[in-house]
Amino acid sequence: MAIIGTDISYVKQLLQAGQVVGIPTETVYGLAGNAFDEDAVLKIFTVKNRPQFDPLIVHTDTLSKLTSFIADFPEKAQKLAKAFWPGPLTLLLPKSDEISDLVTSGLSTVAVRIPNHSLTLELLSTLDFPLAAPSANPFGYISPTSAQHVEKQLGKKIPYILDGGESQVGIESTIVGFEGDEAVVYRLGGTSVEALEKIIGTVKLVAHSSSNPKAPGMLKSHYSPRKPLFITDFEQLSKNYSKEKIGYLSFQIAIENVSLENQRILSLTGSYSEAAKHLFSYMRQLDSLPIDVIYAELLPEKDLGRAINDRIRRAAVRE
Ligand code: TXA
Ligand code: MG
């Protein structure tokens with residue numbers, strides 16, 4: 001069992017010794033290791049059971065540390081960094097030699113972000129290396145938004161989880177890369193497209209793929225609960241299953257023909273940010289109920305509704 005606590009100096013010692021630990025961020029919890037230590041990076045892939053073709057995000061706390069391990073910082077990227085860091089935005093930037101191919105799965109870009117969580121920023125400020133950290137879930141499952149979520153799934157494999165409470169954004173960072181002068185969104189996330197476009201104008205959205213090694217951040221089936229999750233044809237579902245056996249995830253309003261204890265409402269006030277914050281923990285709750293299937297409503301396609309729908313759709317993919 002991992003220790004859950006707030007001892008930053010102990011976490012620092014563990015990281016310096018090449019261990020991997022759970023860390024809080026505003027988006028989701030990360031499974032962190034020294035990004036400059038190949039053995040620590042390998043350990044991350046092993047603990048998470050993650051294929052090595054899926055590269056990691058490198059976390060740091062200042063722009064000056066960041067510029068030491070990237071080869072270029074395009075103007076649009078700088079504008080976005082200034083507007084959204086620390087915060088739920090990841091930038092794909094050309095890497096310098098300091099970043100191992102293991103971190104980037106051989107790509108020439110490295111994914112970087114400055115997270116917005118006081119404990120993790122404090123930890124990063126004491127380290128002389130950045131932290132490689134994917135979300136702290138077994139590959140393919142729902143990302144963790146609390147230390148307890150991490151403990152439940154990876155607790156046997158890691159020594160420590162830094163407890164920073166519930167993640168306030170609740171879905172992963174938005175990933176933005178650059179093709180020439182054009183900004184490209186590779187993963188929708190905690191920073192909305194509308195917010196990005198206010199800073200740098202129109203951005204390009206790239207569709208998800210199930211097996212495109214050039215854009216490994218976009219695996220189609222992901223974020224999945226273990227129970228089958230449906231997003232279409234609720235009427236048929238309610239004919240096939242009794243109302244005690246269906247879980248229902250709604251945006252704002254409960255529905256009639258499912259037991260109330262099997263329903264989770266993302267935001268009674270219709271707030272997209274509140275919905276994002278609840279999404280993964282409600283999916284986990286539904287997944288652990290004595291039900292057979294989950295039905296999830298899609299949100300309006302705007303603001304964080306788009307990123308939430310992206311996660312729900314990918315949770316619904318069955319291959
Ligand atoms: O909010 C977040 O981003 C969280 C917290 C812990 O920071 N991290 C996170 O990491 O979601 P992860 O590993 O679960 O997702 C990162 C995604 C992966 O799908 C990976 O394929 C993609 O980023 N990625 C990383 N480096 C990339 C690169 N150079 N080019 C394209 N995609 C990349
Ligand atoms: Mg992940």
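Trainee: Is Asp303 buried, partly exposed or exposed?
Mentor: Happy to start there, and keep in mind that this is a predicted model, in which local features need pLDDT of at least 70, side-chain atom pairs count only at pLDDT 80 or more, and totals for chains, interfaces and linings use all residues. Residues are numbered from 1 along each chain as its sequence is written, chains are lettered from A and ligands numbered from 1 in the order in which they are written, and side-chain values use heavy atoms, with hydrogens and water left out. Buried means under 20% relative accessible area, exposed over 50%, and partly exposed in between, using a 1.4 Å probe and protein chains only. With a relative accessibility of 34%, Asp303 is partly exposed.

Trainee: Where is Asp303, and what is its phi?
Mentor: Asp303 sits in the loop between strand 15 and helix 11; helices (H or I, at least four residues) and strands (E, at least two) are DSSP runs, numbered from the N terminus. Most residues other than glycine have a negative phi. Asp303 is not a glycine, yet its phi is positive, at about 50 degrees.

Trainee: Which peptide bond is cis?
Mentor: Most peptide bonds are trans. Here, one with omega near -5 degrees is cis. Its proline lies in the loop between helix 4 (75–84) and strand 5 (89–94). The bond runs from Trp85 to Pro86.

Trainee: How far apart are the end C-alpha atoms of helix 11?
Mentor: Helix 11 has 12 residues, 305–316. The expected span is 1.5 Å times one less than the number of residues, which gives 16 Å for helix 11. The model agrees, because its end C-alpha atoms are separated by 16 Å.

Trainee: How many residues of helix 11 are buried, and what covers them?
Mentor: Helix 11 is mostly covered, with 10 of its 12 residues buried. Among the buried ones are Ile308, Asp310, Arg311 and Ile312. Contact means heavy atoms within 4.5 Å, and the cover includes strand 10 (182–187), strand 12 (229–230), helix 10 (272–288) and strand 15 (293–296).

Trainee: Is Thr191 buried or exposed, and which residues does it touch?
Mentor: Thr191 belongs to the loop between strand 10 and helix 8 (193–200). Its relative accessible area is 5%, so Thr191 is buried. Not counting residues up to four places away in sequence, Thr191 touches Phe84, Pro88, Leu89, Thr174, Leu196 and Leu304.

Trainee: What is the C-alpha separation of Leu56 and Val112?
Mentor: Leu56 is in the loop between helix 2 (38–48) and strand 4 (57–59), and its 1% relative accessibility makes it buried. Beyond its neighbours within four places in sequence, its contacts include Val41, Phe45, Ala111 and Pro134. Val112 is 56 residues from Leu56 along the chain, and their C-alpha atoms are separated by 8.9 Å.

Trainee: How far is Ile255 from His278, C-alpha to C-alpha?
Mentor: Ile255 lies in the loop between strand 13 (246–250) and strand 14 (263–265), and at 21% relative accessible area it is partly exposed. Leaving aside neighbours within four places in sequence, Ile255 is in contact with Phe234, Tyr248, Gln263 and Glu297. His278 is 23 residues from Ile255 in sequence, and the distance in space is 18 Å.

Trainee: What is the radius of gyration of the protein chain?
Mentor: The protein chain contains 11 helices and 15 strands. The radius is taken over C-alpha atoms, and the globule rule is 2.2 Å times the number of residues to the power 0.38. For 319 residues that rule gives 20 Å, and the chain is as compact as a globular protein of that length because its radius of gyration is close to this, at 19 Å.
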